[in-house]
Amino acid sequence: MSDSLYFHRLALLTGEQTVQLLNSSRVFIFGLGGVGSWCAEGLVRSGVGSVVLVDFDTICPTNVNRQLQATSQAIGKKKADELACRLSLIYPACHIESRSECFSNENAQFFDIRSDDYVIDAIDSLENKLDLIEYAYDKGARLFSSMGAARKLDPTKLRTADIWDTQGCPLARMVRQGLRRRGWNGHFTAVYSTEQALPVKTNTTEEAPINGSAVHVTATAGMILAGLVVQDAHSRSGTDLRLG
């Protein structure tokens, strides 16, 4: 069976040029949790020809409720490797590289991000997130970044905006503040929620504070990120497609 049939339905919507451009594109996805894992699946199912999956963590039982590669059989395995296995079953011709490491300024040069690459930032750690934003922007890559999706229940409150125009998201506020401290004033599109964060419910006062999260919110944020890549490729191919 021809690989072109895999993406025939998308081509009917966008045209063959968009599909060809996606197939020739490389996307780095940093952070493969409740947002990044679903973004990766959306990109591979859209015919992206090369993906680099980056996450240092292993799968634990509390990941099962929202992370695509987290199953009862995958506990203790590396998130990047498990996701790579799943994606290779979807689109075997896609070049998939899995890297079980954490992005930072110290190892940034080893990722070989170029100006014709897409970069998806789905990192939770603030300092590593700021490092990636600065580095990807300096390299001229097309950057799309996820803000906070935890402690939210309403996926219809998810929005996209320039990072400086985001409102109501605590993580986005911390990102803006961190970038200002670093003297950085560039621009990129962020996915964020305007929903007020819900309080964390715990069974005992001894329990460590952990942010709750729901798959219908995190997965929606991931698919929005994937959609931003498809829209950008469609625009570059000579037409314009926008989410309503």
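**The whole chain**

Of the 244 residues in the protein chain, 49% count as buried, where buried means under 20% relative accessible area, exposed over 50%, and partly exposed in between, with a 1.4 Å probe and protein chains only. This is a predicted model, in which local features need pLDDT of at least 70 and side-chain atom pairs count only at pLDDT 80 or more, while totals for chains, interfaces and linings use all residues. Residues are numbered from 1 along each chain as its sequence is written, and side-chain values use heavy atoms, with hydrogens and water left out.

Display the chain as a cartoon. Seven helices and seven strands can be found in the protein chain; helices (H or I, at least four residues) and strands (E, at least two) are DSSP runs, numbered from the N terminus. Traced from the N terminus, their order is α-α-β-α-β-α-β-β-α-β-β-α-β-α.

Next, select the C-alpha atoms. Along the principal axes they fill a box of roughly 55 × 45 × 40 Å. The radius of gyration of the protein chain is 18 Å, which agrees with the value near 18 Å for a compact globule of 244 residues; the radius is taken over C-alpha atoms, and the globule rule is 2.2 Å times the number of residues to the power 0.38.

**Strand β1**

Select residues 26-30, which form strand β1. Is this strand enclosed or open? Five of its five residues are buried, so β1 is largely enclosed by the rest of the structure. In a regular strand the side chains alternate between the two faces of the sheet. On one side of β1 are Arg26, Phe28 and Phe30, and on the other are Val27 and Ile29, all of them buried.

Within β2, Val52 is the bridge partner of Phe28.

Most residues other than glycine have a negative phi. Asp112 is not a glycine, yet its phi is positive, about 50 degrees. Its relative accessibility is 41%, so Asp112 counts as partly exposed.

Finally, move to the loop between β5 (142-146) and β6 (158-162), and select Arg151 there. Arg151 also is not a glycine and has a positive phi, of about 60 degrees. With 30% relative accessibility, Arg151 counts as partly exposed.

Conventions
Pairing = 2+ DSSP bridges.
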